[in-house]
Amino acid sequence: DWAITGVQLEVGEYTSSTIPPFQHESYADNLFRCWRYFYTLTPQGGVVANARLATGSAITTVRSEYLIQLPIRMRSVPSLVSSGTASDLYCYGLSTGSPAADGVGLTAGASDSGIGVYLTTASGYWVQGGGAQMLCTNTDTRFSFNAEL
């Protein structure tokens, strides 16, 4: 076995005195470049059941919306890729129960730096204009945003 690391290929012809210096890249810089194309929202508090994904507000009595600020500008407006089913998401409004979501999607006006996500329920659970929280009911629930080529 042999392993090699720290290799940099350069186009052109160089001598030992004209070769460019090795370009070291930090983990953070590399991660930010990756997030330009794909970002996964992980639950606040770690990957545990019933952890909060986002907070938002009730737009109507059956729909709540959540603004998710992305950590870096994505390459373009991303599409939403969610794991699990809508029933894996748990909505909680003011003084109400905790219904499962019937629908999940992106709101109008999404941009490359902030995404609006909506959840709908079968009947009125929210007080319009009140606060709402989106929780995941299991550790497999994820929202991912895809802006790949």
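**Close-up views of a predicted model**

**Figure 1. Three strands make an open sheet.** The strand order in this open sheet is E1-E9-E4, and the pairing is antiparallel. Strands E1 (38-41) and E4 (79-82) are the edges, and each pairs on one side only. From one strand to the next, the twist averages 25 degrees. Angles run from 0 to 180 degrees between N-to-C directions, with axes fitted as lines to C-alpha atoms. Two strands count as paired if DSSP finds at least two bridges between them. Strands are DSSP runs (E, at least two residues) and helices likewise (H or I, at least four), numbered from the N terminus. The model is predicted: local features need pLDDT of at least 70, side-chain atom pairs count only at pLDDT 80 or more, and totals for chains, interfaces and linings use all residues. Residues are numbered from 1 along each chain as its sequence is written, and side-chain values use heavy atoms, with hydrogens and water left out.

**Figure 2. The whole chain sets the context for the close-ups.** The protein has one helix and nine strands. Along the sequence the pattern reads α-β-β-β-β-β-β-β-β-β. Of its 149 residues, 28% count as buried. Buried means under 20% relative accessible area, exposed means over 50%, and partly exposed lies in between (1.4 Å probe, protein chains only).

Figure 3. Strand E9 covers residues 143-146 and pairs with E1 in the antiparallel sense over four bridges. Strands of a sheet pair through backbone hydrogen bonds, either parallel or antiparallel. Ser144 in E9 is the bridge partner of Thr40. The side chains of Ser144 and Thr40 are also joined by a polar contact of 2.9 Å. Such a contact is a pair of N or O atoms within 3.5 Å; within protein, one must be able to donate a hydrogen and the other to accept it, and residues adjacent in sequence count only if both atoms are side-chain atoms. Ser144 is buried, with a relative accessible area of 9%.

**Figure 4. Strand E2 pairs with both E8 and E3.** Strand E2 (residues 51-58) runs antiparallel to strand E8 (residues 131-136), and six bridges join them. Here Thr55 stands opposite Gln133 in E8. E2 and E3 also run antiparallel, joined by three bridges. Four residues lie between E2 and E3 in this hairpin. Ser57 has Glu65 in E3 as its bridge partner.

**Figure 5. Glu65 also takes part in a salt bridge, with Arg63.** The Arg63 and Glu65 side chains meet at 2.9 Å, N to O. A salt bridge is a side-chain nitrogen of Lys or Arg within 4 Å of a carboxyl oxygen of Asp or Glu. Arg63 is partly exposed at 25% relative accessible area. Glu65 is partly exposed too, at 24%. A search of the whole structure finds three salt bridges.

**Figure 6. Asp112 and Arg73 form a salt bridge between two loops.** Their side chains meet at 2.5 Å, N to O. The pair links distant parts of the chain, 39 residues apart. Asp112 lies in the loop between strand E6 (103-106) and strand E7 (114-120), and Arg73 in the loop between strand E3 (63-69) and E4.

**Figure 7. Arg33 forms a salt bridge with Glu25.** The closest N and O atoms of this pair are 2.0 Å apart. Arg33 is partly exposed, at 41% relative accessibility. Glu25 is also partly exposed, at 45%.

**Figure 8. Trp2, Ile4, Val7 and Leu9 make a nonpolar surface patch.** Its area is about 580 Å². Patch residues have over 30% relative accessible area and no salt bridge; nonpolar side chains (Val, Leu, Ile, Met, Phe, Trp, Tyr) are joined within 5 Å, like charges within 9 Å. Areas come from the Shrake-Rupley method with a 1.4 Å probe. Ile4 lies in the segment before helix H1 (27-35). Ile4 is exposed, with a relative accessible area of 60%.

**Figure 9. Two residue pairs are compared by C-alpha distance.** Gln23 lies in the segment before H1 and is exposed, at 63% relative accessibility. Gln23 and Gln8 are 15 residues apart along the chain, with their C-alpha atoms separated by 7.8 Å. Leu89 is in strand E5 (residues 89-93) and is buried, with a relative accessible area of 4%. Leu89 and Thr137 are 48 residues apart in sequence and 5.9 Å apart in space, C-alpha to C-alpha.
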